[in-house]
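Visitor: I have a structure open and would like to talk it through. Could we go step by step?

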Amino acid sequence: MSAVLATTADVSATTSPLKDFWRSFAMNRGAVVGLVFFVLIMLCAVFAGVLAPHDPVEQFRDALLTPPAWSDAGSTRFLLGTDDIGRDVLSRLLYGARLSLMIGFVAVLLSMLPGIALGLLAAFFPQRLGVAILRLMDIMLALPSLLLAIAVVAVLGPGLINTMLAIAIVAVPGYVRLVRASAMTELTRDYVVASRLAGAGTFRLMFNTVLPNCMAPVIVTATLGFSDAILTAAALGFLGLGAQPPTPEWGTMLASARDYIERANWVVTFPGVAILTTVLAINLMGDGLRDALDPGMKKLA
């Protein structure tokens with residue numbers, strides 16, 4: 001009897017959901033590399049005040065457009081060089097990571113929460129609310145996402161908070177349609193019918209019964225939406241509609257440096273590489289999450 005209990009305990013330990021998730025996630029080497037790089041970016045953002053050698057807005061008038069330290073005219077005082085008004089590029093990149101990640105996180109949160117609520121309402125009340133919600137989402141999806149974000153910022157005015165609101169508004173339709181489709185599938189399952197027969201109210205069915213079983217695709221979409229938010233924020237900043245100077249934001253850094261592409265390419269290269277590598281790392285993580293959370297992908301693997 002004790003041997004059977006020990007065997008059962010071993011099986012349950014080896015098949016715990018967390019271990020099973022990590023095993024599936026770790027099989028995707030690209031996802032692991034993306035996770036490690038993203039953690040490094042997070043650490044750089046959190047400890048930017050410690051790692052940055054200079055204040056990001058401090059101007060060194062005696063070192064305008066100083067090249068990186070490994071160049072012939074470079075200086076170890078500015079490892080990645082300076083921009084056109086003498087600000088340290090490395091310090092601005094570190095503080096820009098903090099700002100860009102904050103924009104992505106807040107924008108995803110502001111879009112995911114109302115998207116989940118509207119998606120559940122559209123699934124549970126398809127006749128009364130579902131049609132109106134879906135038609136509104138169709139209108140929003142009819143416009144290109146960047147154009148819609150530009151329109152929202154043009155109405156609200158340029159600035160960091162309005163940038164996050166614009167990015168969140170653009171991303172809401174994706175969450176609404178995803179949650180509605182997942183909830184409509186779950187509503188036909190036996191456990192939902194049993195909960196109804198047991199007397200569960202609509203609110204309890206929405207958030208305690210159906211929503212937990214819809215969260216896997218939502219988490220994957222939120223991860224990929226994080227990278228989209230960073231790209232959109234950089235695009236708005238490049239157009240002068242996002243974070244305003246002298247705020248160290250990667251898109252704003254690109255916008256202010258576009259006139260120096262030929263004579264001081266490092267001013268453009270480093271912010272561009274930061275955006276590229278961060279978005280690539282998040283997308284690789286999203287692919288790993290999709291493979292680990294989707295049972296169909298597990299079977300294919």
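Visitor: Among contacts between residues at least 6 apart in sequence, what share joins residues at least 24 apart?

Guide: The share is 69% in this chain. Contact here means heavy atoms within 4.5 Å. Please note that this is a predicted model, in which local features need pLDDT of at least 70, side-chain atom pairs count only at pLDDT 80 or more, and totals for chains, interfaces and linings use all residues. Residues are numbered from 1 along each chain as its sequence is written, and side-chain values use heavy atoms, with hydrogens and water left out.

Visitor: What is the mean pLDDT of the chain?

Guide: The mean is 86, and 92% of the residues reach 70 or more. The term pLDDT stands for the predictor's confidence in each residue, from 0 to 100. Over residues 1-13, however, the pLDDT is below 50, and this stretch has one contact in the model beyond near neighbours in sequence.

Visitor: How many helices and strands are there?

Guide: The chain has 14 helices and zero strands. Both are DSSP runs, numbered from the N terminus: helices are H or I with at least four residues, strands are E with at least two.

Visitor: At what angle do α3 and α5 cross?

Guide: The axes of α3 (residues 29-46) and α5 (residues 89-124) cross at roughly 110° and come within 7 Å. Axes are lines fitted to C-alpha atoms, for helices over the stretch in contact, with angles from 0 to 180 degrees between N-to-C directions. The two helices are therefore roughly perpendicular, a label for angles of 65 to 115 degrees; under 35 counts as roughly parallel, over 145 as roughly antiparallel, and the rest as oblique.

Visitor: Which residues make that contact?

Guide: On α3 they include Phe-38 and Cys-44, and on α5 they include Arg-98 and Leu-101.

Visitor: How many disulfides does the structure hold?

Guide: It holds zero disulfides, a disulfide being a pair of cysteine sulfur atoms within 2.5 Å.

Visitor: And where is Phe-226?

Guide: Phe-226 lies in helix α11 (residues 215-238). Phe-226 is buried, because its relative accessible area is 12%. Leaving aside neighbours within four places in sequence, its contacts include Phe-38 and Leu-101, two residues that also take part in the contact of α3 with α5.

How values were computed. Buried means under 20% relative accessible area, exposed over 50%, partly exposed in between (1.4 Å probe, protein chains only).
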